[in-house]
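Welcome! Please take a moment to look over the sequence and the model below, and then we can walk through them together.

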Amino acid sequence: MSINVLEQYLPVRTLPFLKKWFADYVIHIRITKNRDSKLGDYRKLPDKSHQITINSTLEKQLFFFVLTHELAHLIAFEKFNYKISAHGKEWKDTFRNMLRESLDVYSMDLKPIIVKFSENPKANFMASPDLVRYFHVKESNHKSNFIESMSIDDIFLYKNEKYRILEKKKKLYLCINLNNSKKYLFRPLAKVEKIILDEKKQ
């Protein structure tokens, strides 16, 4: 994919950074359909070139953020060799430097969130509540809820199974599966479908 095509998915002012970061490598960018399991990924191909895939449905600033995340893998592996941990210190340092270098790409209200995130970059986007909230502000799926927005005893659907929220344990939520009575811990930003009051009475 040419940078000109890639540019359609990106905020303005990104090209100088991409040209710098891409300069020393042969990189294949694949734009994919939406994947619930991941926003993007990176791998080195047998011919020593590199492949990065990113979901096409991402908002432009998030698309650039994910691209930076995956490029940080490439650069860290190439610089420090492939024996390093995928999300270890070398990757964190690389990602942090890239985020701070490209900070002006992001909007004024997002910049403080990026700065805070860069202090200790997380491997998983969902582990950053501020980023998750920011990029789901305009989400149109009204059935989707974060567990943290619900109340004790609320019932919700997760992967086609019903759960009830029992209690909050520190930062996690203890829930019981109503099908098998087993208890599970959920993150505050786990996305579930709340079952409305009328459905509870059925």
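How far apart do the C-alpha centres of domain 1 and domain 2 lie? They lie 30 Å apart. Before going further, please keep in mind that this is a predicted model, where local features need pLDDT of at least 70, side-chain atom pairs count only at pLDDT 80 or more, and totals for chains, interfaces and linings use all residues. Residues are numbered from 1 along each chain as its sequence is written, and side-chain values use heavy atoms, with hydrogens and water left out.

Let's begin with the two domains. Domain 1 covers residues 3-139 and domain 2 covers residues 144-194; such bounds come from an automatic or database domain assignment. Where the two meet, six residues of domain 1 are in contact with five residues of domain 2, contact meaning heavy atoms within 4.5 Å. The size of an interface is often given as the accessible area lost when the parts come together. Here, domain 1 and domain 2 bury about 520 Å² between them, with 60% of it on carbon and sulfur atoms. That buried area is the accessible area (1.4 Å probe) that two parts lose on being put together, summed over both.

Now for the inside of the model. A nonpolar core is a set of buried Ala, Val, Leu, Ile, Met, Phe, Trp, Tyr and Cys residues joined through side-chain atoms within 4.5 Å. Buried means under 20% relative accessible area, exposed means over 50%, and partly exposed is in between (1.4 Å probe, protein chains only). The largest nonpolar core has 41 residues, and Leu-18, Trp-21, Phe-65, Leu-67, Leu-71 and Leu-131 touch the most other members. At least two residues of this core come from each of α2 (15-22), β1 (27-32), β3 (50-55), α3 (60-80), α4 (89-101), α5 (111-118) and α6 (129-135). Helices (H or I, at least four residues) and strands (E, at least two) are DSSP runs, numbered from the N terminus. Which helix gives the most to this core? That is α3, with twelve residues.

Leaving aside residues up to four places away in sequence, Leu-18 touches Leu-6, Leu-10, Phe-64, Leu-67 and Leu-71. There is also a second, separate core of ten residues, which includes Met-150, Tyr-163, Cys-175 and Ala-190.

Next, follow the chain to strand β7 (residues 172-177). Five of its six residues are buried, so β7 is largely enclosed by the rest of the structure. Strand β6 (residues 161-169) runs antiparallel to β7 and is joined to it by six bridges; two strands pair if DSSP finds at least two bridges between them. Within this pairing, Arg-164 stands opposite Ile-176 in β7. The two strands form a hairpin with two residues between them, and Lys-170 in the turn has a positive phi of about 55°. Strand β8 (residues 183-186) also runs antiparallel to β7, joined by four bridges, and Leu-174 has Leu-185 in β8 as its bridge partner. The β7 and β8 hairpin has five residues between the strands, with Ser-181 in the turn showing a positive phi of about 65°.

Finally, let's turn to the charged side chains. A search of the whole structure finds ten salt bridges, each a side-chain nitrogen of Lys or Arg within 4 Å of a carboxyl oxygen of Asp or Glu. One of them joins Glu-101 and Lys-20 (2.8 Å, N to O). Glu-101 lies in helix α4 and Lys-20 in helix α2, so this pair ties together parts that are 81 residues apart in sequence. Glu-101 counts as partly exposed because its relative accessibility is 33%, whereas Lys-20, at 52%, counts as exposed.

Another salt bridge brings together Asp-93 and Lys-89 (2.6 Å, N to O). Because they are four residues apart in helix α4, Asp-93 and Lys-89 are separated by about one helical turn.

How many salt bridges does the rule find across the interface of domain 1 and domain 2? It finds one. Arg-133 and Glu-148 also meet in a salt bridge (2.8 Å, N to O). Arg-133 is in helix α6, while Glu-148 is in the loop between β4 (144-146) and β5 (155-158), 15 residues apart.
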